[in-house]
Amino acid sequence: MRYLGIVVVLTVLAGCGGGEEIRRYRVSVNPAPLSALAASCFRGGTPPSSRVEDRNLYQGLVWTVWQAGEKDSAFLELESPEGGWRLGDAPPVMLSGNIIGDGDAFSAERVQVSSEGQVEESTALRIVFEDRDTISKGVVELKSSCASCAGGSALSCEARLSFTAREEMLQE
């Protein structure tokens, strides 16, 4: 009977706290669309005559998702490539840190505003897990714009990158 009591206490304690779900992903992002950006991503609307194309070379990252205490709310601890995601001559998307979302989709934006309240520069990121499992798939949507960068002209650029992620279950 004494052992039964210990088992019951341990079972109750195991179910209380300490059971927060944490999902760590080893992520491979396909950067190929960054080599075929629209003309609007470049000064004068003209892509460079030569460019670097990564073939079969994926960007390796680590992302962690954890529940934010509310049922439909989670944080994505985001790691971005060094120097950010380069979108032609538009400002690079350099967003990393904790982004709140619903557990499947996360988005963030960084805006530079003038003293008059005008948006001078904006970079945005949206990550969507479309098929979540031990091996998950999804997309990274990137946007960058500036009102007067690149020699005074406005630029706007978007890219959509696919990713595959391998989940590593953790408990804390």
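In the predicted model described here, a salt bridge (a side-chain nitrogen of Lys or Arg within 4 Å of a carboxyl oxygen of Asp or Glu) joins the side chains of Glu141 and Arg126, with an N to O distance of 3.6 Å. Because Glu141 belongs to strand 9 and Arg126 to strand 8, this pair ties together parts that are 15 residues apart in sequence; strands, like helices, are taken as DSSP runs numbered from the N terminus (E, at least two residues, for strands; H or I, at least four, for helices). Glu141 is partly exposed, at a relative accessible area of 22%, and Arg126 is likewise assigned to the partly exposed class, at 38%, where buried denotes under 20% relative accessible area, exposed over 50%, and partly exposed the range in between (1.4 Å probe, protein chains only).

Glu141 also meets the side chain of Arg160 in a salt bridge of 2.7 Å, N to O. Distant parts of the chain are linked by this pair, since Arg160 lies in strand 10 (residues 153-171) and Glu141 in strand 9, 19 residues apart. For Arg160 the relative accessible area is 46%, which places the residue among those that are partly exposed. Together with Glu130, the residues Arg126, Glu141 and Arg160 are linked in a network of salt bridges.

Over the whole structure, the search returns seven salt bridges. One of them joins the side chains of Asp104 and Arg132 at 2.9 Å, N to O. Asp104 is located in the loop between strand 6 (97-101) and strand 7, and Arg132 in the loop between strand 8 (119-131) and strand 9 (135-149), so that the pair links distant parts of the chain, 28 residues apart. Asp104 is partly exposed at 34% relative accessibility, and Arg132 is partly exposed at 38%.

Strand pairing (at least two DSSP bridges between two strands) was examined next. Strand 1 (residues 21-29) and strand 2 (residues 59-67) run antiparallel and are joined by eight bridges, with Thr64 of strand 2 as the bridge partner of Arg24.

On the surface, a nonpolar patch is formed by Val111, Val113 and Val119, with about 230 Å² of accessible area together. Patches comprise residues with over 30% relative accessible area and no salt bridge, like charges being joined within 9 Å and nonpolar side chains (Val, Leu, Ile, Met, Phe, Trp, Tyr) within 5 Å. Accessible areas follow the Shrake-Rupley method with a 1.4 Å probe, and for residues only the protein chains shown count as cover. Val113 lies in strand 7 (residues 105-113) and is partly exposed, with a relative accessible area of 46%.

The average pLDDT (the predictor's confidence in each residue, from 0 to 100) of the protein chain is 83, and 85% of the residues score at least 70. Over residues 2-19 the pLDDT is below 50, and this stretch has four contacts (heavy atoms within 4.5 Å) in the model beyond near neighbours in sequence. Where pLDDT is low, the predicted coordinates should not be read in detail.

Residues are numbered from 1 along each chain as its sequence is written, and side-chain values use heavy atoms, with hydrogens and water left out. As the model is predicted, local features need a pLDDT of at least 70 and side-chain atom pairs count only at pLDDT 80 or more, whereas totals for chains, interfaces and linings use all residues.
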